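This report describes one protein model for a reader who is new to structures. Please look at the sequence and the model first.

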Amino acid sequence: MTAPAPRLTRATITLFSVSVGLIVANLYYAQPLLPQIAADFKVDVGSAARLVTWIQLGYVMGMVLVVPLGDVVDRRKLTLGLVALSVVVLLAVAAAPAFWLFALASVLLGLTTVGAQVLVPFAASLADDANRGKVVGTVMSGLLLGILLARTVSGVLASLLGWRLVFVVAAAALALLWALLRRGLPSLAPANRLPYRTLLASVLELVISEPMLRRRSLYGLLAFAAFSVFWTSLSFLLAGPPYFYNEALVGLFGLVGAVGALAASWAGRQADAGRSHWISGVMAALIAASFGLIWWGQTSLAALIAGALLMDLGVQALHITNQSEIYRLRPEARSRLTTVYLSSYFAGGVLGSALSSVAYVRYGWAGVSVLGVLFGLAILAVWALEKPLQAAPNKL
């Protein structure tokens with residue numbers, strides 16, 4: 001007989017939330033530091049901006065190759081191993097003597113940071129059916145705050161200690177987190193005992209057989225592309241005229257997006273109540289509209305803040321809705337469902353950050369803003385086709 005799942009307590013949910021935030025922050029510490037890193041390594045703006053793409057590319061690799069293991073091994077042991085590796089890689093990033101070594105270490109940092117996405121389906125598996133959306137939303141609130149506050153912490157620390165010490169402090173924080181996880185994470189026997197090759201092949205089977213998964217993965221790809229379009233080039237806008245912000249002020253701008261994290265639990269509750277379709281449409285429209293304000297933000301700080309608030313709200317609420325929906329499909333395959341969805345999600349991040357750096361260099365902030373609008377409209381177009389698909393006979 002399969003052992004019953006450990007009970008999910010409030011303390012355990014808090015541990016999950018704090019952990020995913022601290023782990024995923026690794027992906028974002030560099031963003032407000034790009035001008036400083038470019039100057040230190042004597043590389044151009046475009047090369048520095050591509051660091052964001054390289055980190056996210058490493059993350060996608062980890063999503064494909066590592067996260068599926070959560071369905072066949074103890075997620076507690078997998079998480080502890082990944083956090084330990086992240087500590088080592090963060091120190092390598094801090095010590096990198098050349099830009100190419102910094103970029104290589106950044107790819108490895110992205111790969112080991114997928115420990116956060118081992119924990120999200122772990123929490124979903126411990127939750128009961130009636131509260132799964134709420135639990136996922138609560139845990140994701142921690143993750144989203146980690147994404148946004150990482151920029152603030154990074155900018156402030158860099159202004160005081162230099163950009164390299166940011167990664168040393170991050171390594172120390174993760175070392176402490178490892179000790180807390182070792183003490184507080186429950187063990188949960190895996191639902192499957194598949195060989196690794198069979199496990200990876202089954203990920204493709206999920207893509208083929210689950211239309212909801214394909215649709216929600218496309219939503220995620222387009223939404224995170226829009227998100228990355230904005231945040232990848234923002235530090236360059238704020239460092240130049242008319243703002244001339246230093247690293248600390250650029251980092252503090254990350255607090256603007258924290259409102260998006262407040263939408264996470266709310267979106268999870270709406271998904272539990274069966275309102276996923278209309279939430280998705282409203283958020284898609286919000287993302288597209290927000291880039292009009294973001295365009296105006298080239299000369300207006302108030303418009304830039306308002307646009308960032310609306311864009312983050314739309315992206316994060318749609319993200320939580322997507323995850324709440326896909327975790328209902330196959331309980332025994334939640335790590336592989338996570339792999340499909342978040343590989344698409346961060347592939348969108350790679351696409352958005354790559355296009356953002358090109359758009360900014362060639363067309364300035366107007367090009368970045370138009371690119372964001374196009375991604376938002378693409379989400380809305382996909383959403384407009386969702387009702388006919390939902391009305392079709394259910395083959396799941």
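The model is predicted: local features need pLDDT of at least 70, side-chain atom pairs count only at pLDDT 80 or more, and totals for chains, interfaces and linings use all residues. Residues are numbered from 1 along each chain as its sequence is written, and side-chain values use heavy atoms, with hydrogens and water left out.

The pLDDT is the predictor's confidence in each residue, from 0 to 100. Its mean over the protein is 85, and 92% of the residues reach 70 or more. In residues 388-396 the pLDDT is below 50, and this stretch has 7 contacts beyond near neighbours in sequence; a contact means heavy atoms within 4.5 Å. Where pLDDT is low, the predicted coordinates should not be read in detail.

Helices are DSSP runs (H or I, at least four residues), numbered from the N terminus. Two packed helices are described by the angle between their axes and the distance between the axes. The axes are lines fitted to C-alpha atoms over the stretch in contact, and angles run from 0 to 180 degrees between N-to-C directions.

| Helix pair | Angle | Axis distance |
|---|---|---|
| α6 (residues 115-126) and α7 (residues 132-161) | about 155° | 9 Å |
| α10 (residues 211-239) and α13 (residues 276-296) | about 20° | 12 Å |

Angles under 35 degrees count as roughly parallel and angles over 145 as roughly antiparallel. Helices α6 and α7 are therefore roughly antiparallel, and α10 and α13 are roughly parallel.

The contact of α6 with α7 includes Val-120 of α6 and Leu-143 of α7. Its residues divide into 9 nonpolar, 1 polar and 1 charged. Ala, Val, Leu, Ile, Met, Phe, Trp, Tyr, Cys and Pro count as nonpolar, Asp, Glu, Lys and Arg as charged, and the others, Gly among them, as polar. Between α10 and α13, the residues that meet include Phe-230 in α10 and Phe-291 in α13. By class, this contact of α10 with α13 has 8 nonpolar, 2 polar and 1 charged residues.

The whole structure holds 19 aromatic pairs, meaning rings of Phe, Tyr and Trp (its six-membered ring) with centres within 6.5 Å. One of them, Tyr-59 with Phe-346, is edge-to-face, with 4.2 Å centre to centre and 65° between the planes; planes over 60 degrees apart count as edge-to-face. Tyr-59 lies in helix α3 and Phe-346 in helix α15, so the pair ties together parts that are 287 residues apart in sequence.

Most residues other than glycine have a negative phi, and most peptide bonds are trans. Lys-42 has a positive phi of about 60°, and a cis peptide bond with omega of about 5° joins Pro-241 and Pro-242.

Notes. Helices (H or I, at least four residues) and strands (E, at least two) are DSSP runs, numbered from the N terminus. Angles under 35 degrees count as roughly parallel, over 145 as roughly antiparallel, 65 to 115 as roughly perpendicular and the rest as oblique. Rings of Phe, Tyr and Trp (its six-membered ring) pair if their centres lie within 6.5 Å; planes under 30 degrees apart count as stacked, over 60 as edge-to-face and the rest as tilted.
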